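Thank you all for coming.

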Amino acid sequence: MRSIWNGAISFGLVSIPIKLVNATENHTVSFRQIHTEDGGRIRYRKVCELEDREVSSAEIGKGWEDADGSIIPITEEDLSHLPIPTAKTIEIVAFVPAERIDPLQMDAAYYLQAGGAPAAKPYTLLREALKRSNKVAIAKYALRGRERLGMLRVVGDAIAMHGLLWPDEVRAPEGVAPDASVTVRDKELDLADALMDTLGEVDLDDLHDEYREAVEELVAAKAAGEEPPEVPAPPSGGKVLDLMAALESSVRAAKESRGEEPAKDKDEEAEVRSLPRRKQSSRATPKQTDTKKSTSAGTQPRKAAAKSTSATKRTTAKKTAAKKTTAKQATAKKTTAKKTTARKRTA
């Protein structure tokens, strides 16, 4: 790997020659600007506004723009004489626990490569000391015309350095959090925890830039005169449910993707949307009245049927009583007639 800076690590009275190497590389898809009518490249040329002509890199220097707009020329020789002790040195100033470093301060990352055989022993000493202490080193260094802050830590068998922003370069999160007062219920937190547990961990090596791959496929297809690949349509939203239903559906979907639960209908999937506020409507009263009417209407036939049944029972009872009375009267008449006949015979 090509070094971008040569210097030394200052570790007390110990000096470790090192080379600074980029630890990351950019895979972002880059495009060129073209003239849409004929496909010609659009280029930026460096032109002196006083002479109105293009100038070469050798003719370009640095200048500081003053408050009144005037330019004060600054040469590389001027900068080289500045009293910066870290001009060619990564000066370690402290050792602190890694959790003391705010991730918001993290900037570019570099590898520190030992500069030749004489640097092997002190380089290894610093690396092993960092390992055993479970701490990181805070250092100051100069790069690209400015003094910077860095954090040294062990990565494998190498020492890496993360550029850090100065504390006053990190903005406070003012006005970022919601202003409205929101109450989160324990059940909602339980579902969120369940979703986190279900999603589990991921191997970062399995993650990749899908957008870059899609752009590369698009370019390859157009270069071959083929139709660009079709992009799958995003899944349509399901029912409008509240946060609880969305969390529950998310847990089910996560488990389903891991084969822990059978698939369910798409209609049961949910998305988080704000529920509309309930409005007082004049239709509520007629609905209630209609319900009462329908209830009363449903009750009246039952009452009528009950009355009819009662009337039938009463009529039947009267007829039975009348028959019994008639039978008794007939029996009494027969008895009286027998008694009269017997008296006549006796006489």
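Let me start with a term for accessibility: a residue is called buried under 20% relative accessible area, exposed over 50%, and partly exposed in between, with a 1.4 Å probe and protein chains only. What you see is a predicted model, in which local features need pLDDT of at least 70 and side-chain atom pairs count only at pLDDT 80 or more, while totals for chains, interfaces and linings use all residues. Residues are numbered from 1 along each chain as its sequence is written, and side-chain values use heavy atoms, with hydrogens and water left out.

I turn to the charged contacts. Side chains of opposite charge can pair when their charged atoms come close. Here a salt bridge is a side-chain nitrogen of Lys or Arg within 4 Å of a carboxyl oxygen of Asp or Glu, and by this rule the model has 10 salt bridges.

One of them joins E54 to R45, with 3.7 Å from N to O; E54 is partly exposed, at a relative accessible area of 46%, whereas R45 is exposed, at 56%. Another joins R185 and E188, at 3.4 Å from N to O, and in this pair R185 is partly exposed, with 49% relative accessible area, while E188 is buried, with 12%.

The side chains of R212 and E216 form a salt bridge of 3.2 Å, N to O, and R212 is partly exposed at 22%, as E216 is at 42%. Beyond such pairs, salt bridges also link E51, R53 and E59 in a network.

Finally, the aromatic rings. Rings of Phe, Tyr and Trp (its six-membered ring) pair if their centres lie within 6.5 Å, and planes under 30 degrees apart count as stacked, over 60 as edge-to-face and the rest as tilted. This rule gives one aromatic pair: the ring centres of F11 and F95 are 5.8 Å apart and their planes lie at 65°, so the pair is edge-to-face. It links distant parts of the chain, since F11 belongs to strand β1 (residues 3-11) and F95 to strand β7 (residues 89-97), 84 residues apart. F11 is partly exposed, with 23% relative accessible area, and F95 is partly exposed too, with 34%.

Key:
Helices (H or I, at least four residues) and strands (E, at least two) are DSSP runs, numbered from the N terminus.
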